[in-house]
Every structure is written in C-alpha cells, then in structure tokens.
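Hi,

Here is the structure I said I'd pass on. Have a look at it first, and then read my notes below.

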Amino acid sequence: MTQPSIKRVGVVVKPHQPDALETLCRLTEWLSARGIQLVGQAEIAHEEIAQRTGCAVEIATDEQLAPSVDLILVLGGDGTLLAAAREAAPRGIPILPINLGSLGFLTSFTLGELYPALEETIAGHLTASERVMLTASLIREGQVVESQLVLNEAVITKGALARMIEIELLIDEDFVCRYRADGVIVATPTGSTAYSLSAGGPIVHPAVESIILTPICPHTLSDRPLVVGDCCNVEMRLRGSAESVYLTLDGQKGVLMQSEDRVSIIRAKERLKLIQPHRKSYYEILRNKLKWGR
C-alpha cells in the first residue's frame with residue numbers, strides 16, 4: 001500500500017461517542033494537509049460538526065461509504081468494526097481500527113496511536129491481516145429468507161423465557177448430533193475470542209482455517225465445542241418447538257426462526273482486510289485483553 005493509493009479515507013464512529021466530533025475535526029485537518037479527503041458515515045451529524053468545530057466533513061450513507069474510499073477508519077469498539085466489515089469486505093477496502101470501546105479484541109490500536117498508525121498505513125508500512133468471514137443463510141421451506149456475511153459468529157439461541165431448544169447439526173450433510181441446549185454458536189477464528197469464548201469455546205489463532213461450534217449451556221455435559229475445517233458446510237436444523245428462537249448475526253441482527261428452519265453456514269469468498277500493529281503480536285493482544293498473568 002503506497003501513499004498515492006490512498007486519496008479518500010472513510011470514518012465510521014461509535015454512536016454517542018463524546019470525543020468523536022473533536023477527533024473528526026483534527027482528522028480532517030491532518031488528512032487535508034496530506035491531500036487526502038475525509039468522508040464520514042451518514043450517522044455523523046454534518047451540521048453539528050460544523051457548529052461545534054467549524055470543520056466541514058463530507059458525508060456518505062453506509063452503502064455509499066465503502067465504494068467511495070480507499071481506507072476505512074473505525075473509531076469505536078468491536079461492535080462498530082463488525083458493522084463496517086460487512087460493507088468493506090466485499091469491496092476489498094482495508095479497515096484501520098482504533099479502540100474507543102472497553103475491550104476491543106479487533107480494535108487493537110489505541111486513540112493515542114491514531115496518527116502514527118495512519119502515517120504508517122499511508123506510507124505502506126503497515127500490512128492488513130486477512131480475516132475469514134462466513135456466509136450464514138436462513139432457509140425456510142426451501143427458500144433463503146435471510147443471508148448475511150459475519151466476521152465473528154452466527155448464533156441460534158432461545159429468548160429469555162423460552163424452553164431449551166433442539167438443534168440438529170450436520171457437517172457436509174453428515175449427521176453429527178442433536179443438541180438440547182440454550183443455543184449453538186458457529187464462530188470464525190476471529191470470533192473465537194467473542195461470544196464463543198464466554199460460552200467455553202477455545203481461542204483459535206486467526207490464521208487457523210477453521211470453524212468453531214460451541215453449544216450454549218448444553219443439557220448433556222459431554223456436548224463439547226467442536227472445531228472443523230472452514231471448507232466444511234455447516235448446517236443446523238431447528239427441531240421441535242420454536243417459541244422465541246432467534247438467529248443472531250454478529251450480535252447485531254436477530255431473525256425470528258420457525259420450527260424446521262435450516263441455517264447453512266459456509267466460508268465466504270470475501271475476506272476482511274484488517275490493519276494490525278506490527279509491534280504487537282496476537283499473543284500480546286491476548287495477554288493485555290484477557291489480563292493473563294495478572
């Protein structure tokens with residue numbers, strides 16, 4: 001990545017972030033001095049920026065942002081990045097993540113590292129790690145009723161007052177087992193440090209080509225997490241009662257399921273280009289975020 005290749009930088013901001021407007025103003029000036037245009041997402045209030053900071057920021061809708069820029073800067077936490085990833089990955093636009101959240105496994109740069117990271121990215125000194133994504137499709141009576149890219153996970157889970165649910169698992173059309181549980185998480189290696197980890201799943205290095213299946217509070221204690229190759233076609237079928245059962249995609253979109261619905265999950269052809277600090281290894285990030293050894 002060389003300097004002439006970056007002419008427009010998009011920015012996605014965590015909603016209701018107090019420091020966002022001042023950061024955008026400084027970013028606009030910093031990029032403009034280098035001949036680069038800043039483009040903000042539509043949720044950013046253009047008038048409020050102008051009134052409070054005196055800075056003019058070009059605004060684009062979520063659908064317009066990724067096709068119109070060469071780099072996306074995420075100011076927020078992992079949730080903000082997950083939303084941006086769905087637009088950036090299909091177009092091959094790299095994301096530079098700056099952590100303004102609380103934990104942030106994916107947003108591994110701090111706010112204090114923003115401008116040095118931008119400088120190195122523009123100069124081509126930072127490379128992007130390609131992260132596997134999944135395509136999750138909800139199939140009802142032979143018809144696809146929902147399909148979405150996910151970076152972290154697809155989850156079948158029951159509502160707050162629903163009973164334990166039954167999910168039949170098939171891999172490459174081979175029957176594996178029938179879970180009786182609160183739900184099942186199907187995660188990427190990137191998502192292995194998210195919901196799957198809190199449910200007892202393993203931490204998997206992003207370079208390992210795999211899909212992680214983690215049952216949530218299974219009735220049978222021998223039902224353990226399972227790791228399979230990411231070339232597999234994972235299918236989950238909802239059996240029996242389906243009262244208040246949802247398919248949740250990256251924790252941001254929930255779809256109400258019906259009995260006998262199927263969820264097909266395969267490796268997506270798209271991969272997310274995620275810029276990472278070369279001075280921080282994956283294991284250093286794990287140590288810091290999980291507070292290992294403290």
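Bear in mind that this is a predicted model. I started with strand S5 (residues 95-99): 5 of its 5 residues are buried, that is, under 20% relative accessible area, so the strand is largely enclosed by the rest of the structure.

The side chains there split into two sets. In a regular strand they alternate between the two faces of the sheet. In S5, Ile95, Pro97 and Asn99 point one way, while Leu96 and Ile98 point the other way, and all are buried.

Next, the neighbour. Strand S4 (residues 71-76) runs parallel to S5, and 5 bridges join the two. To find one of them on screen, go to Leu75, whose bridge partner in S5 is Ile98. Helix H4 (residues 78-88) belongs with this pair: S4, H4 and S5 make a right-handed β-α-β unit.

Rolling a probe the size of a water molecule over the atoms shows where empty space is left. With a threshold of 30 Å³ or more, the count is 1 cavity. The largest cavity has a volume of about 100 Å³.

What lines it? The lining of the largest cavity is made up of Phe105, Leu106, Arg131, Pro189, Thr190, Thr193, Pro206, Gln276, Tyr282, Ile285 and Leu286. Sorted by class, that lining has 7 nonpolar, 3 polar and 1 charged residues. Helix H7 (residues 282-290) gives the largest share of the lining, with 3 residues.

That's what I have for now.

Cheers

Notes. Residues numbered from 1 in each chain as written. Predicted model: local features only at pLDDT ≥ 70, side-chain atom pairs only at ≥ 80, totals over all residues. Heavy atoms only, no water. 1 Å grid on protein atoms, 1.4 Å probe; cavity = no way out; pocket = protein on both sides within 12 Å on 5 of 7 lines; lining within 4 Å. Points joined across faces, edges and corners; volume = space filled by probe spheres on them. Helix = DSSP H or I, 4+ residues; strand = E, 2+ residues; numbered from the N terminus. Nonpolar A, V, L, I, M, F, W, Y, C, P; charged D, E, K, R; others polar. Buried < 20%, exposed > 50% of the residue type's maximum accessible area, 1.4 Å probe, protein only. Pairing = 2+ DSSP bridges. Right-handed = clockwise from strand over helix to strand, strands pointing away.
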